[in-house]
Amino acid sequence: MLKLDIRVGESFAIGDGIVLSLEKKSGQLARIAIRADPTLKIKRLPPVSKTAEIR
């Protein structure tokens, strides 16, 4: 798993067609904008538990 630290207003690209931007951060919530082809399916996944990340 890749983890990135970015600031509000910064963006990063995944491949050639997906750009994610951090629009707002407040406490533990962050607003992320996703620019991608409208035919691309995007779904929210359940949170990963802390114990599942440690290996």
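The protein has one helix and three strands, which follow the pattern β-β-β-α along the sequence. Helices are DSSP runs of H or I with at least four residues, strands are DSSP runs of E with at least two, and both are numbered from the N terminus. Residues are numbered from 1 along each chain as its sequence is written. In this predicted model, local features need pLDDT of at least 70 and side-chain atom pairs count only at pLDDT 80 or more, while totals for chains, interfaces and linings use all residues; side-chain values use heavy atoms, with hydrogens and water left out.

**Sheet**

- The three strands form an open sheet in the order β1-β2-β3, with antiparallel pairing; two strands pair if DSSP finds at least two bridges between them.
- β1 and β3 are the edge strands, each pairing on one side only.
- Direction ignored, neighbouring strands of this sheet are turned by 25 degrees against each other on average (axes are lines fitted to C-alpha atoms, for helices over the stretch in contact, and angles run from 0 to 180 degrees between N-to-C directions).
- Strands of a sheet pair through backbone hydrogen bonds, either parallel or antiparallel.

**β1 and β2**

- β1 and β2 run antiparallel and are joined by four bridges.
- F12 stands opposite L20 in β2, and S11 has S21 of β2 as its bridge partner.
- The hairpin of β1 and β2 has three residues between the strands, and G15 takes a positive phi near 65 degrees in this hairpin.

**β2 and β3**

- Seven bridges pair β2 with β3 in the antiparallel sense.
- L20 stands opposite I34 in β3, and L22 stands opposite I32 in β3.
- Two residues lie between the strands in the hairpin of β2 and β3, where G27 takes a positive phi near 65 degrees.

- Of the 55 residues of the protein, 5% count as buried (buried means under 20% relative accessible area, exposed over 50%, and partly exposed in between, with a 1.4 Å probe and protein chains only).
- S21 is in strand β2 and counts as buried because its relative accessibility is 16%.
- Neighbours within four places in sequence aside, S21 is in contact with E10, S11, R31, I32 and A33 (contact means heavy atoms within 4.5 Å).
- I14 lies in strand β1 and, with a relative accessible area of 46%, is partly exposed.
- The C-alpha atoms of I14 and A36 are separated by 9.8 Å, the two residues being 22 apart along the chain.
- Among contacts between residues at least 6 apart in sequence, 2% join residues at least 24 apart.

**Largest pocket**

- The largest pocket has a volume of about 1,400 Å³.
- Of the 26 residues that line this pocket, L4, F12, L20, A30 and I32 are the closest to its centre.
- A pocket is an open set of points on a 1 Å grid over the protein atoms alone, where a 1.4 Å probe fits, with protein on both sides within 12 Å along at least five of seven lines; lining residues have an atom within 4 Å of a point.
- Grid points are joined across faces, edges and corners, and a volume is the space filled by probe spheres set on the points.
- β1 (11-14), β2 (18-26), β3 (29-35) and α1 (50-53) are the elements that give two or more residues to the lining of the largest pocket.
- β2 supplies the largest share of this lining, five residues.
- By class, the lining of the largest pocket has 18 nonpolar, two polar and six charged residues (Ala, Val, Leu, Ile, Met, Phe, Trp, Tyr, Cys and Pro count as nonpolar, Asp, Glu, Lys and Arg as charged, and the others, Gly among them, as polar).
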